[in-house]
Amino acid sequence: MLKTLYIVRHCQAAGQEPNAPLTAEGYLQAIALSDLLFDFGIERFISSPFTRAYQSIAPLAERLGFSIEIDKRLAERVLCGIPLADWRQRLAQSFTNLDLCLDGGESSRDAMARGIAVVDEALQQKANTIAIVTHGNLMALILKHFDDRIGYPEWEKLSNPDVYRVQFLNSATHVERMIFF
C-alpha cells in the first residue's frame, strides 16, 4: 500500500521561542501553503507543539475540516544549552557525527529517533496521506533517515516554509522536495 508523508517546515516566525507566533509574512505563507497543499489528499495532521508550527498548518487543517494532533517529539532540536558563536559549524558537525552531543543539547541520533518514532507511528495508522509539521533541523534529520545524502547543505537550503514528500510503497522509499518559498 502506498503511504505519503508531507514533512513541513513551519512558516516565517517572530522568534525561536516555543510560543513565538508567525510574522505577518508567515501568516501569508500559511495561507499560500494551504492553497498549495489543498489538493494533496492529506487526511491527518501532526504538529510540533511550538506555536509557529501549529499556526503554519492551521489554515489547511481548518479548510479540510481536520484537527491537528500535537506531538512534543516534533519540537525543535536543542543543539546546545548555551548560545554558541560557532553554532553553524557545530550543527554541520552534528550531521556527520550523529552522536555529537554538546552540553545541554541533543545528539542528531537522539533527535532523529524521536522524529522517526512519530513517523513510524503515523504510518501504522489508517490514514494514507499525512502532514507532519516541524522545524528545520529536525526535518533535515528525519529526511536523512530516509536518504543519507541529506545533510548540512540541504538544511542550509531549507526555506520557511518548506515541504518534502516521502512516499512509502512496500519496502521502497522516495524522498522529494515539493515546495519551497
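In this predicted model, Ala131 touches Tyr6, Ile42, Arg44, Phe45 and Ile46, if residues up to four places away in sequence are not counted. Ala131 is found in strand S4, which covers residues 129-134, and because its relative accessibility is 0%, below the 20% that marks a buried residue, Ala131 counts as buried. Along the chain, Ala131 and Ala117 are 14 residues apart, and their C-alpha atoms are separated by 15 Å.

Three of these contacts, Arg44, Phe45 and Ile46, belong to strand S2, residues 44-47. From this strand Arg44 and Ile46 point one way while Phe45 and Ser47 point the other way, and all are buried. S2 and S4 run parallel and are joined by four bridges, and within this pairing Val133 in S4 is the bridge partner of Ser47. S2 also runs parallel to strand S3, residues 68-70, with three bridges joining the two, and here Phe45 stands opposite Ile68. Between S2 and S3 the chain passes through helix H2, residues 51-64, in a β-α-β crossover that is right-handed.

Where do the nonpolar residues gather? In soluble globular proteins, nonpolar side chains tend to be buried together. The largest nonpolar core here has 35 residues, of which Leu5, Ile132 and Leu143 touch the most other members. At least two residues of this core are supplied by each of strand S1 (2-9), helix H3 (87-96), helix H4 (108-123), S4, helix H5 (136-146), helix H6 (152-157) and strand S5 (162-169), and the largest share, seven residues, comes from H4. Apart from this core lies another, of 19 residues, and Ala131 is among its members, as are Ala53, Ala61 and Val163. Returning to Leu143, and leaving aside its neighbours within four places in sequence, one finds Leu143 in contact with Ile7, Ile150, Tyr164, Val166 and Val175.

Helix H4 deserves a separate look. The buried residues of H4 are Ser108, Ala111, Met112, Arg114, Gly115, Ile116, Val118, Val119, Ala122 and Leu123, and what covers them includes S1, S2, H3, S4, H5 and S5.

Key
Residues numbered from 1 in each chain as written. Predicted model: local features only at pLDDT ≥ 70, side-chain atom pairs only at ≥ 80, totals over all residues. Heavy atoms only, no water. Buried < 20%, exposed > 50% of the residue type's maximum accessible area, 1.4 Å probe, protein only. Contact = heavy atoms within 4.5 Å. Core = buried A, V, L, I, M, F, W, Y, C linked by side-chain atoms within 4.5 Å. Pairing = 2+ DSSP bridges. Right-handed = clockwise from strand over helix to strand, strands pointing away.
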